[in-house]
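Subject: Structure handover

Hello,

Here is the structure we discussed, with my notes below it. Please read the notes with the model open beside you.

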Amino acid sequence: MDKSRGQSGLDRFPNTKLTARTLLTLAVVLSVALAGCTGMGGVGVGGDGENDGTGSSTGDGDDLNSMVGAEDDWFNLSRPGHYAFDLAGMDEETGEQVSGQLVYDIEDAGEEVTVSVDYEFGDEQYQSTITSPRDEVMGQLFLTPAHAPVLALQSASVLYYFEMGFTNPAVGNRKQTTTDEGTQITEVTEKRSYAGLECVFVETTVDGERSQQSCLRGSDGGSAPYVATYTEEGELELEVELVEYESN
């Protein structure tokens, strides 16, 4: 594994396309275990100041729970809705920067739902329509090529949870650590909104260069509406941005 970026960025989850099944298992197991054992949604921070270098983090008390419920997860393919994401990043085979889009449309089909998926990223394309019982649709779609960008969104809050010492994201939270690769800083900088969903923007740098960015709704394993990761050279590796969202 490439450790040149410390403990942040997609290098902790190398080659999203090829390891999607492994990453999915890890993300799901961690999310379930952490939510059950620690009550992640109920943990908050307060006070003023910066991290003291020991791994704890502080903030201005502007807890994200004031914007959304602790267990709110807007991304749910088992109910009718529409999700569109803009994609950008590096083609794994050519190393060139490419763009694309991922769209999910979900319609009610009685006791089941019908989900249409349209995915394009550079030269890679995937289209599919499935009708499935509501409690089975997520499992069927997780292992398709189109779901790798969603996995990145779902992993962001879990990564934050470990990096920031079991706290909810709040503007002003900052953690600085020293690794063999240099000085790593993770900081919650501001509030943002993607397709009407409010979130707080988190940026991780290593020696001043961007490693990962995300916009989190909470630290309880919910999906982020935005995530971006960068290579060791500072090139965009993967960016996923929610641009349209409707839930019925």
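To begin at one particular spot: helix H3 is followed by Gly165, which has a positive phi near 75°. Helices here are DSSP runs of H or I with at least four residues, strands are runs of E with at least two, and both are numbered from the N terminus.

Before the rest, the conditions. This is a predicted model, in which local features need pLDDT of at least 70 and side-chain atom pairs count only at pLDDT 80 or more, while totals for chains, interfaces and linings use all residues. Residues are numbered from 1 along each chain as its sequence is written, and side-chain values use heavy atoms, with hydrogens and water left out.

Chain overview

The chain has 3 helices and 10 strands, in the sequence pattern α-β-β-β-β-α-α-β-β-β-β-β-β. It has 248 residues, of which 50% count as buried; buried means under 20% relative accessible area, exposed over 50%, and partly exposed in between, with a 1.4 Å probe and protein chains only. Of the contacts between residues at least 6 apart in sequence, 51% join residues at least 24 apart, where contact means heavy atoms within 4.5 Å.

The sheet

The 10 strands form an open sheet in the order S4-S3-S2-S1-S10-S9-S8-S7-S6-S5, with antiparallel pairing. Its edge strands are S4 (124–133) and S5 (174–179), each of which pairs on one side only. From one strand to the next, the twist averages 15°. Two strands count as paired if DSSP finds at least two bridges between them.

S3 and S4 run antiparallel and are joined by 10 bridges, with Asp118 opposite Gln127 in S4. The two strands form a hairpin with 2 residues between them, and Gly122 in the turn has a positive phi of about 65°.

S6 and strand S7 (residues 197–206) are also antiparallel, with 10 bridges, and Glu190 stands opposite Phe201 in S7.

Helix H3

H3 packs on the sheet and touches several strands, including S1 (81–90), S2 (97–109), S8 (209–216) and S10 (236–247); its direction makes about 100° with that of S8. Axes are lines fitted to C-alpha atoms, for helices over the stretch in contact, and angles run from 0 to 180 degrees between N-to-C directions.

H3 covers residues 148–163, and its 16 residues reach 22 Å from first C-alpha to last, close to the 22 Å expected at 1.5 Å a residue. That expected span is 1.5 Å times one less than the number of residues. The helix bends by about 30° at Ser155, the bend being the angle between axes fitted to the seven residues ending there and the seven starting there. H3 is mostly covered, with 15 of its 16 residues buried.

Two residues

Thr205 is in strand S7. Why does Thr205 count as buried? Because its relative accessibility is 14%. Beyond its neighbours within four places in sequence, Thr205 is in contact with Thr183, Gln184, Ile185, Arg210 and Ser211.

Ser193 lies in strand S6 (residues 182–194) and is partly exposed, at 46% relative accessible area. Ser193 and Cys215 are 22 residues apart in sequence and 8.6 Å apart in space, C-alpha to C-alpha.

Regards
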